[in-house]
Every structure is written in C-alpha cells, then in structure tokens.
Amino acid sequence: MIGFRTFAAGLLLLTTTVANGSFWVSEFRDSASQYRIVRGNETVSIQQLMLLKTGDTIIIDEPQGQVVIVNERNEYLRLTSDNSPFVVPESESPPQLLVNVRNWVASWWNTRGNQSTSTMAAVSKGGLAPRFSVAGSGQNLLLSGAREIRVAWSGGIEPFEVSLLTDSGELLVQQAVATGNTASLPEVLLQKGQFQLRVAAGDAGSTVDLTVVDREKLPAVAAEIMNLDLPEQILYGHVAMLLSAYGQWRFEALQLAHHYNLMQLELDLLAGDFPESAPGDVDSISAMPDFAERPEANDD
Amino acid sequence: MIVGLFHQSHWLVRLENTAMDTMMEFNKGLPRMIEAGAGSSPQFTFLDIDDTSFRDWGEPFHVPRDKILSLIKFAEQGKARLIVLDIDLSREGMDATDDRLLAEYLTRYGKEHAPPLILVRTFYSGVSGERQWVEIRPSYLDEFKLPAAVYWAQPLFKVTLWDGVIRHWHLVKFGCLDGQLILVPATQLIAAALLSDGHISSVNQYANMNSIRLENCADDERVSQIGDAGEDSYVTEAELGQRLIYTIPWRSPAPDLITVPAHLISETTHELSYDLVQDRVVIIGASFADSRDIHRTPIGEMPGALIIANAIKSLFVYGQVRPLSAGALWVVKLTLILVAAWTFSRFTSLIAVCVAGAFVIGFLVPISFYLFKFGYWVDFAIPLFAMVLHRAVAEYRASRTRPNDSGDRQSELPA
C-alpha cells in the first residue's frame, strides 16, 4: 500500500524547510499616506490586515509614524521611523518534529514541582445586585413636575432594567435594556407622593424610595437663589451644588446637574464627591447650614 | 492477542489515548499534516474576540450583535471560502435594533454568491440521566426564515471523563425543538460537505439533515432511545471513528491558521484588506476569559472555535480515524508475536522485553507516525504493554519453577 519511496519521502519531510505563514499588517497610526510599501518595482499603499510578501520594504516617512506587523509566530513587531526602511524577511521554517518532541518533553518536565499549577478564578458572575449611586436607602426628595429621571448605579451585570413605579407597585416608566451604569428614564409627570425606583440585573436588583415634593419644600436658601436674576444654567448650577450638600436632596441635585449639563458636578456626584454636610442634615431640611459657610458651594 | 481481547477495557483505552495524544502532540503544526489526506487542506482564519476586543467593547454580557454583523460582513465581502459563527445566538442581545439588523442581514444573506454561513445551535445541558443534551435552546432567529446559504449546526463534542480532555465528536445529534425531534449535524460535517463541493457522498447526505423533522418529541422514552443511540455522554472509546485529529494548536505557530483580533476589524478607521480572509475558512469565535469557552485538548488548551477548526480539518482531510485493514493488522500482529517469541526464547526476560520493546519502537512507531497523516491509527502502546505483561508472566512462571530446580540440584549434590 505504501511504498518504500513514499515512506522515505515522508521521513525526509521531517527535515525539509517549507515556507510557513506570512507577515501581515495589524495596525498603523494616522493616515495611510504616511507609509510606503515597495514591492518589486512598484509602490503599493498600505492597508490594515494586508499580507506582506518576502522582500517588501516598508518605509515610514513621518517621525511619529508607526506600523504594527505580525509574523508567522503571532509575534507583534512595532515599526517606527527608526526601523525604516524595514524589509520583510524570509518566513521562518515551520514547526518541526524534533522541536515538538523537545517541547513535549519540556512541558512534561515543567509540570513537575512548583510549575505544575496555574491560576484560575473560582467566581460566579451572576447574581450581583446593582447598587444605586447618589440615591440612598433613606428618603430621596425630588421636585414635582414633568421630569426625565437620570439614574446611576454600580455593580451588577448588563443588561439592566430600570423602572419607576408608584408606591403601590404600578409601573410608570421603564428602560428595559440598559447598558453601562447610567440611564435616563423617559419624561414622566410626577405629582406629590411616594414612588419607587428600581434597577435590576436579571433576578438581582435594588430599590430606593423617591418622595416627590413641591418647590416649597426646597431649602430656604435654594428658594432665594431661584429668585435671583441669573442665566438659567448658572442659577440651577448653584441650586444643584447647594442641594448636593444634603443627603435627601442629592438625587435632585443629580437631576439638575444632568439636565443643565453641569458635567463636572454630575461627575463629582457620581464619584461620591459631595460637599461636606452638617450633622443632622439628613434628618431635617431645616437643619440647613449657612450657605456662606460652604466655600465648596460657591465654587464653579 | 489476549490483551487485544480486552482492548475496550478502561485502562487499555487510557493507554491508547495517551499514545494517540502523544502522536498529535508530535505532529501539531507540522506541514506534513497539511500535505496529506483526501482533499487539499483548507486554510483557516480565526476572527478572535480576545480579551483586548472584549475590553474595547466595554466588557458586554452578550457579544454585541452589531459587532458580530461587522465581522460576518467583513468575511463575506472578503470572499471567504466558508464562514462559521461559533457564538451562541439563542438569546437576544443588549440592543433590540442590533438584533433586528443582524436578523434582517441573515434573511437576505447569500443572494450575491456569498460564502456559506454556519450558525451554531446550542442545547440545554439538562440533568444527568434525564434527557441530557436533548432540548435545543430556541433562538431569537427561529422566527425568521433564513436562506439556503445559512446552515444550522451543533458544536457538541465529547469530553473524556477521567481527564476532562475533548477527544471525540458528535457527528450528528438528535434534539427537541418546539416539540419536534430534529437531527442536527455537526459543524464539521456540514463544513466538510460544503468544502468538498459534493465529492464526499457519505458526508453530503447529512448536509441537509437539519431540516428533517422526525416525530413528536413528547415521548421521553422514545427520545432517550434515539438520543442515546451511539451518543453516550460517557465515552467508551469503542468509536475510533469519532476521534478528532488535532493539528492546529492555539498560540503556537501553525502554517494553516491566522488569528486576527476582532477589534482590529470592528473598531478600525482604516480601509481593510481582505487578504486574510479571501478563500479561507473563517471562524468567528471568542477566547476572552469570561466567554468560558476554553477547553482542554490533547495538544493543550484552546478556544471552542479552534476545536471546530481542528474538527473541520480532521474530517475533511483525514476523514474518520480508522485502523489498518484486517489483513495488515494480522501481518503486524504475527510479526510482533514472532519477534516476541524469538526474543523471549533467546534471552532472559528483561533483555527480551528490552529487545522486543526496541523493535516495537523502531518498527511500529514510525509506521504509526507515517500513517497518521492519512487518518490511519496503528496502536503501538498496547503491544508495548503486552511485552511488559509477557515479561511479568514469564517471571512468575520462573519463580514457580525455581524451587523445584534448586531442589533437584540439591538432591543431586550427594551423588
């Protein structure tokens, strides 16, 4: 069935060097016009994922230019103007039997003693409940009216489901598939009363209470600021900053910061960077500190 | 020959597994494993959702459907020879619009000579012993009518229980979907049929079986009978033909594989070349750690997508692994028996086993090595074991007869 010559030819193959794979372009920086590839007597333009041939010359004209190429061993080579011109070399010889045997013996030997272990993570990804940022487990006050509610949380696994419900559990608005760690619920008309805000990741979720109140419940200083004749963004920026000093009003501060595009304040709130609050301010709105004593509130 | 009678026993199977695993380890990535076989070996490109891509995409819980769409489009426009999508599409993704766009693209797929596209069906693993791997997970794509260029296949393989290594495949699998029992061919089976352009008749007949609906799936007993026919989850190793020949390693040089990180395609702002996918078998899969799709194989760990690549190459190039013909086997056996008989009659048992062992290693191992690239398996481990066993028997017999010998000698001394 198998002749001696064929058998001998097969054995010869063990030592024959055969062209193995090729180089290819993984990435390059900026515009393709910064690079030239000379192939024989012609210049071809560089393209991402293009195969390179032996003898191709890559020329990088710009000092900040950079080309990443991959060789047949899956090794990444980063070329800059310092390496230019780079001539694509002959492909290395393919894997050979003796190398495989040597590697096999080495891997067997290396599994003895200290090198016989590798690190793995015994962790379940599911079931982690997302937790609200800014809104707390106590009372969270929100002004009444037509509101588009901005929600932020941490933890849990996408996709998330964010819902606003009445106190009796009736669904008002929902974002069924939320990604990332923030979402904006569609605008909804909120009257005075109690509501529930829920974020869920699969079966795991968190709920906080929202208390919708009228403007009369705002701290007196906040009400005074709102009577000032200032551009709207500056006016509400000050109000938001003031409210962020009170645990109960921080969720409202987040809404104002997001609505009026006060990005720094919003980021501070999401990062938990609040102005210092006076003791007891969580329990009572009337325990409002003196506005003048809060330099943080005057910033920005 | 007596050892041969116990060929299917657990410990002999382990011995043979070790021998074949070692043969694959020696042969991995060698050009000789590409240049042999029935058909010209296909070249593979692995569009790999690696850890960098996963992080670039914001570590999503599901592989984003818009990214999948961009990868398929890239392979299609690059005129790949075949595309395999080794990503579970059972559940809808994170964005309903992206789901819809992917579904719409697939329903229109193949109208302009696009390469065949294979999607994978997944199964509920079930409770051990009760309809295990029977229930097919429905896909959100089921409600769409997919064109003829899109095939459903199953990516199921068999893990050897004692060491957790994937060595065998399921070429076909029965499963229940919407109360109907259907037959789902393996990815490599459909791929081999498509790559052969209809020249492998025994494979081709399975290619369209995914559309065959057999009977009602409600009868548990009937389903388990059909599902278990030659499809045991516990591998008895009796089925040499279900064995994959692994030749394409992961993260080691392989002449027939190029691995391209997926983010280079999905996130690029440059014009892309199609050099790396043109006329190649493109497999889209994941290797990032959270995908939980890294498995043990005889040639090391690798992502499921590369197991499929190995399976496609194994079936297409080598066919099903088979032993030598009966006549050739008897010639080999008789030769070994004669050599063993001669050495054990000529030398002491230790020297005899060394000489006979050297003969097996010097004669049988090269033959086995050479024929391996044609899909033939000549076992050399069991003959070696037989030599050692024979020596143990010979030692035992010698120990039984030695006292009598010494007694005879003692009795002769006075004379």
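This is a predicted model: local features need pLDDT of at least 70, side-chain atom pairs count only at pLDDT 80 or more; totals for chains, interfaces and linings use all residues.
Ala394(B) belongs to helix α14 of chain B, residues 381-412. It counts as partly exposed, because 16 C-beta neighbours fall inside 10 Å. Between the C-alpha atoms of Ala394(B) and Leu350(B) there are 9.8 Å, although the two residues are 44 residues apart along the chain.

The largest nonpolar core of the model comprises 117 residues. Ile83(B), Leu85(B), Ile118(B), Ile283(B) and Ala309(B) have the most contacts inside this core. Helix α11 of chain B, residues 304-318, provides the largest share of the core, with 11 residues. For Leu85(B), the residues touched beyond four places in sequence are Ile72(B), Leu117(B), Ile118(B), Leu119(B), Val120(B) and Ile284(B).

Between the chains, 30 residues of chain A are in contact with 27 residues of chain B. On the side of chain A that touches chain B, at least two residues each are supplied by α1 (4-13), β1 (23-28) and α2 (97-110) of chain A. The most come from α2(A), which gives four residues. By class, this side of chain A consists of 16 nonpolar, nine polar and five charged residues.

Most residues other than glycine have a negative phi, and most peptide bonds are trans. The peptide bond between Ser84(A) and Pro85(A) is cis, with omega about 0°. Pro85(A) is placed in the loop between β7 (76-80) and β8 (86-87) of chain A. Val134(A), a residue other than glycine, has a positive phi near 75°. It sits in the loop between β9 (131-132) and β10 (141-143) of chain A, and it is buried, since 24 other C-beta atoms lie within 10 Å. In chain B, Arg292(B) likewise is not a glycine and has a positive phi, of about 55°. This residue is in the loop between β11 (281-286) and β12 (294-295) of chain B. Arg292(B) counts as exposed, because it has 10 C-beta neighbours inside 10 Å.

As to confidence, the model scores ipTM 0.76 and pTM 0.67. Chain A has an average pLDDT of 77, and 78% of its residues score at least 70. Residues 1-20 of chain A have pLDDT below 50, and this stretch has 18 contacts in the model beyond near neighbours in sequence. The pLDDT is also under 50 over residues 278-300 of chain A, with 33 contacts beyond four places in sequence. For chain B the mean pLDDT is 79, and 80% of the residues reach 70 or more. In chain B, residues 199-204 stay under 50 and have eight contacts beyond four places in sequence. Residues 227-238 of chain B are below 50 as well, with 14 contacts beyond near neighbours in sequence.

Technical notes:
Residues are numbered from 1 along each chain as its sequence is written. Chains are lettered from A and ligands numbered from 1 in the order in which they are written. pLDDT is the predictor's confidence in each residue, from 0 to 100. Two residues are in contact if their C-beta atoms, placed from the backbone, lie within 7 Å. A nonpolar core is a set of buried Ala, Val, Leu, Ile, Met, Phe, Trp, Tyr and Cys residues joined through C-beta atoms within 7 Å. A residue is buried if 20 or more other C-beta atoms lie within 10 Å of its own, exposed if 12 or fewer, and partly exposed in between; C-beta atoms are placed from the backbone. Ala, Val, Leu, Ile, Met, Phe, Trp, Tyr, Cys and Pro count as nonpolar, Asp, Glu, Lys and Arg as charged, and the others, Gly among them, as polar.
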